[in-house]
Amino acid sequence: MEKMKILIIMVRYNLSTSKANYIYILPIGLGYISSVLKNIGYEVKILNLNAYDGNINDPIRKTLMKENYDFILMGGLSVHYPAFEACVDAIRSCAPSAQIILGGGLISSQPELMFEALKPNYIVIGEGEITIQELLRCLEKNGDLNEVNGIGYRSPDGKLVLTSAREAIKDLDALPWPDYAGLGFEDYLDHMRPSHGYLYDLFDAPRAYPLISSRSCPFLCTFCFHPLGNQYRQRSIGNIMNELEFAVKRYRINIIDIYDELFSNNKKRVYEFCEQIKRLSKDVGWEIKWNAQTRVDQIDEELLLTMKDAGCYVLSLGLESYSED
C-alpha cells in the first residue's frame, strides 16, 4: 500500500517583507506533529515559507505542482491569523480540491469562528499528536468521523460538527521528540543573530534550542488561555535530558528556550534539572544558558541562586494579581 503523503506548511510569520526571514519562534507543535506522523509511516514534507524570497504563492504552487499530497497541515497561534488566511488563499487558488487540516491555538481558541473564516476541510482542537493520527486513519478507511475526538468538520448539510473533546495526553515521555530537522532547524540556527531578540545578545553566535518540558498549568487565572488545556503534566528529567544531550551536541546549542507556561511548579524537579544541565555543559565543554517562565509564588532565593548558577539568565514572571503580597 502506498504511503499517504502529508505536506506541513509553516506560514510566513512576517507578512511585511517579501524576503526570506528567520526571525521567528520555531513552531514546536508542528515539529511534534511531523514526528508522530513519520513514526507511523506517513511520508511528510515540510514547506517553510519563511525561507523563500518573493510571493508565498510561488513556493506553494511549485510544491503542489511537483507532488500530489493527500493532506496539507498547518497550525499556529491567533496572532498569525493573516498569515494563515494568505496561505489558505494561496492553496485554494492553485489546488482548489486540496484537503486542508488546521490546528493549534488559532483553532482551539475559537473553533467555530476560525472554521467559518478559513474554511479548512478539518480542524484539530487541543493537543494534536494523537488526534491527527486517528483523523488520518479514519479518513484512510472512510470511517466515522464522529468517533474521532477533538476534531471539527463540515456535515453534508453544510454545518460545522464538533466531536467530543480530546483527553489530555497523560504520558508526555511517550511522545517522540519534535522533528526540528524537518523544519530546517540547522538553516534556522545558521541565520540566528544576537540582534534577533533580547534573549540572544549574550553570545556572538547564539544557537537556541526550543524546549517544552511540561504542558499547561495547574492554575486558572482568569486572564489566561491554555492552548493545551488545563491539565498540568510534566516530562521526566531523564526524558528531557535525553533530548538535550542529543540536540546540544548535534546542533552546538548554547541557549535553551524553555517555553513551559510554568517551569518551577515542582521545585525538586527544578533542582534536578539544574544539576543535570550543569553536567551537560561540563560534558560538552561550552557554556549553556537557558531561560524559562514561572510565577512569583513558585520561587524563593535559594531556588533562584541555584538556577542562576546552572545557567538561567532570564526568568519571565507572571504577575497574577495586584496584591502586594
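Reader: Is the crossing of α8 and α9 left-handed or right-handed?
Author: This is a predicted model, in which local features need pLDDT of at least 70 and side-chain atom pairs count only at pLDDT 80 or more, while totals for chains, interfaces and linings use all residues. Residues are numbered from 1 along each chain as its sequence is written, and side-chain values use heavy atoms, with hydrogens and water left out. A crossing counts as left-handed if the near helix is turned anticlockwise from the far one by less than a right angle, and as right-handed if clockwise. By this rule the crossing of α8 and α9 is right-handed.

Reader: How do the directions of α8 and α9 relate to each other?
Author: Helices (H or I, at least four residues) and strands (E, at least two) are DSSP runs numbered from the N terminus, and axes are lines fitted to C-alpha atoms, for helices over the stretch in contact, with angles from 0 to 180 degrees between N-to-C directions. The axes of α8 (residues 237-251) and α9 (residues 267-284) come within 11 Å and cross at roughly 25°. Angles under 35 degrees count as roughly parallel, over 145 as roughly antiparallel, 65 to 115 as roughly perpendicular and the rest as oblique. The two helices are therefore roughly parallel.

Reader: How many nonpolar residues does the contact of α8 with α9 hold?
Author: Contact means heavy atoms within 4.5 Å, and on the α8 side the residues include Ile237, Met241 and Leu244, which meet a set in α9 that includes Phe273, Ile277 and Leu280. Ala, Val, Leu, Ile, Met, Phe, Trp, Tyr, Cys and Pro count as nonpolar, Asp, Glu, Lys and Arg as charged, and the others, Gly among them, as polar. Besides one polar and five charged residues, the number that are nonpolar is nine.

Reader: Is glutamine 133 buried or exposed?
Author: Glutamine 133 is found in helix α6 (residues 129-140) and, leaving aside its neighbours within four places in sequence, is in contact with Val36 and Ile40. Buried means under 20% relative accessible area and exposed over 50%, with partly exposed in between (1.4 Å probe, protein chains only). Because its relative accessible area is 13%, glutamine 133 is buried.

Reader: Which residue of β4 is the bridge partner of isoleucine 72?
Author: Two strands pair if DSSP finds at least two bridges between them. Strand β3 (residues 71-75), in which five of five residues are buried, pairs in the parallel sense with β1 (residues 5-10) over three bridges, and there leucine 7 stands opposite isoleucine 72. Four bridges join β3 to β4 (residues 100-103), which run parallel, and in β4 the partner of isoleucine 72 is isoleucine 100.

Reader: Which are the edge strands of the seven-stranded open sheet?
Author: The strands of this sheet follow the order β2-β1-β3-β4-β5-β6-β7, with mixed pairing. An edge strand pairs on one side only, and here the edge strands are β2 (43-48) and β7 (160-162).

Reader: Which residue of β12 is the bridge partner of isoleucine 256?
Author: An open sheet of four strands has the order β8-β11-β12-β13, with parallel pairing, and its edge strands are β8 (208-211) and β13 (312-318). Within this sheet, β11 (residues 255-258) and β12 (residues 289-295) pair in the parallel sense over three bridges. The partner of isoleucine 256 in β12 is tryptophan 290.
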